[in-house]
Amino acid sequence: MLPKNNERKQPAYKVVVNGNDITTEIKDRLINLSVVDNKGFETDTVDIALDDSDGQLDMPPRGAKMQVWIGWAGEGLTDKGVFTIDEVRHTGPADVLSISGKSADMRAGLQRLHEESYDDLSIKDIVEIIAGRHNLQSAVDEQWQSEVIEHIDQQSESDAGFLSRLATEFDAIATVKNERLLFIKSGESKTASGMRLNAITIKRQQGDMHSFSVADREAYTGVVAQWQDNDRAEIDSAEVSGSDNQYMAGDSENVKVLRHIYANERNAKRAARAAWDKIQRGAASFTVTLVEGNADLYPETPVKVEGYKRQIDAADWILVRVTHSISDAGFTTALEMEVKNSAVPD
C-alpha cells in the first residue's frame with residue numbers, strides 16, 4: 001500500500017564488512033539483498049548480488065564478518081545480525097559479484113562430533129554445559145528449568161544434533177540467537193526470557209501471492225508411546241491394544257506407534273504429546289509474500305490472517321521462516337507459516 005502522499009516508500013539498508021561500512025560503495029550496484037531467518041539450528045543466511053560491470057568491486061575474503069541492517073528510509077533500520085561470508089562468486093557477462101554468508105551465531109564447534117553422558121541433570125543444566133563449551137550464554141523456558149533427565153547419551157553426535165534431538169522429545173526449539181543458546185517451547189510464541197512475541201494480523205490486501213495446503217495429518221489421529229515392562233524381555237511396538245504400559249495422545253481411530261520403548265511412563269507420555277503436537281502443526285501450511293516488507297518479523301511470531309478462506313482465517317498461525325528481499329522492485333517479506341499448537345482447520 002502506498003503512503004497517503006502517493007510517494008513510493010524507499011527500501012533502506014546498511015552493510016558493514018569487517019568493521020567497514022560499504023553501504024555507499026554498493027548503493028548504485030545492488031541487484032538483490034536477501035536475508036532468511038530460520039527457526040531452530042537451521043542457519044540464518046544472507047545473499048547479496050552486486051553489479052560489477054565496470055570491474056571496480058573488490059571481492060571480500062571468505063571468513064569475513066558482515067553485519068546487515070534493513071528497513072525503510074526514514075523509519076529506522078532493523079539489525080538482522082552478523083554473518084560469516086562463506087561463498088563469493090563472480091559471473092558474467094554482465095559481471096555480477098555475489099556474496100553469501102551464514103549466521104555467525106552458528107559456531108562451527110556446534111557441528112563437531114562429541115561424546116558425553118548426562119545423568120540426573122535438568123535440561124537447564126545440560127543446556128548450560130553445552131553453551132559453556134561454545135562460550136555462549138544460555139536461556140531455557142521456565143517449564144524445563146527443573147525438568148530432570150535421569151540419563152541420556154550423546155554418542156558420536158554433534159552438540160547441535162544432540163540438542164535438536166532433545167528438543168524434539170520435548171516439542172521444543174533449540175537455537176542460537178544473539179550469542180545465546182536458547183531452549184524454548186515450539187509454537188508457544190515466547191522467548192526464553194518469558195516475553196510473549198506480539199501477534200500480527202495480515203490482511204489480504206497487504207499480500208501478493210499466497211498458498212495454503214492442508215494434509216491428512218499423515219492419516220494419524222493419535223500417537224502411542226510405550227515404556228519398558230520389566231516383566232517382559234521384549235515388547236512388540238506394533239501391539240497397541242492390551243498393554244498397560246502405553247500412553248496415547250489424540251484418539252484411537254488410527255494411531256502412530258512410536259518405535260522407541262521409553263525407560264519410564266513419564267518419558268513415554270512426554271514423547272507422545274510432543275509427537276502429536278508436531279503432527280498437528282505440520283498438517284496445515286500457509287505462505288504469503290508481503291508487498292511492503294517488514295524487517296521486524298521473526299520465526300515463532302504468532303500470526304492471524306484476514307480476507308482469505310474461512311478455514312485459513314480461523315487458524316492460529318506461527319512463522320517458521322521469514323525471507324526479506326530488497327531490489328529495484330522494492331522491499332518484500334515472504335512468510336512461511338504452520339499451525340500453532342491448536343486445532344488444525346478442517
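Tutor: The part to start from is an open sheet whose three strands come in the order E16-E15-E17 with mixed pairing (strands are DSSP runs of at least two residues and helices, H or I, of at least four, numbered from the N terminus; paired strands share at least two DSSP bridges). Strand E16 (246-250) and strand E17 (255-262) are the edges; each has a single partner strand, so one side of each lacks a neighbour in the sheet. On average, and with direction ignored, neighbouring strands here are turned by 20 degrees against each other (axes are lines fitted to C-alpha atoms, for helices over the stretch in contact, with angles from 0 to 180 degrees between N-to-C directions). Five bridges hold strand E15 (residues 222-227) and E17 in parallel pairing. Opposite Trp227 stands Tyr262 in E17.

The model is predicted: local features need pLDDT of at least 70 and side-chain atom pairs pLDDT 80 or more, while totals for chains, interfaces and linings use all residues. Numbering runs from 1 along each chain as its sequence is written, and side-chain values use heavy atoms, without hydrogens or water.

Another open sheet of three strands, also with mixed pairing, has the order E9-E12-E11. Its edge strands are E9 (137-140) and E11 (172-177), each of which pairs on one side only. E9 and strand E12 (residues 180-185) run parallel and are joined by four bridges; Ala139 faces Leu182 of E12 as its opposite.

Helix H2 (residues 123-133) lies across E9 and E12, at about 160 degrees to E9. Which residues of H2 are buried? They are Ile123, Ile126, Val127, Ile130 and Ala131 (buried is under 20% relative accessible area, exposed over 50%, partly exposed in between, with a 1.4 Å probe and protein chains only). Viewed down the axis of H2, the buried residues stay within an arc of 130 degrees, so they line one face of the helix (the arc is taken from the helix axis to the C-beta atoms). Their cover includes strand E8 (113-122), E9, strand E10 (148-158), helix H3 (159-169) and E12 (contact is heavy atoms within 4.5 Å). Just after H2, Asn135 has a positive phi of about 55 degrees.

Elsewhere, strand E3 (residues 30-38) pairs with strand E4 (residues 45-51) in the antiparallel sense over six bridges. Six residues separate E3 and E4 in this hairpin, and Gly40 in the turn takes a positive phi of about 65 degrees. Ser34 has Asp47 in E4 as its bridge partner. Asp47 also stands opposite Ser100 in E7. E4 and strand E7 (residues 96-103) are antiparallel and paired over seven bridges.

Helix H1 (residues 23-26) contains Thr23. Thr23 counts as buried because its relative accessibility is 16%. Leaving aside residues up to four places away in sequence, Thr23 touches Tyr13, Lys14 and Val15.

For the chain as a whole, the count is five helices and 21 strands. Of its 346 residues, 44% are buried. Among contacts with a separation of 6 or more, 65% are between residues 24 or more positions apart.
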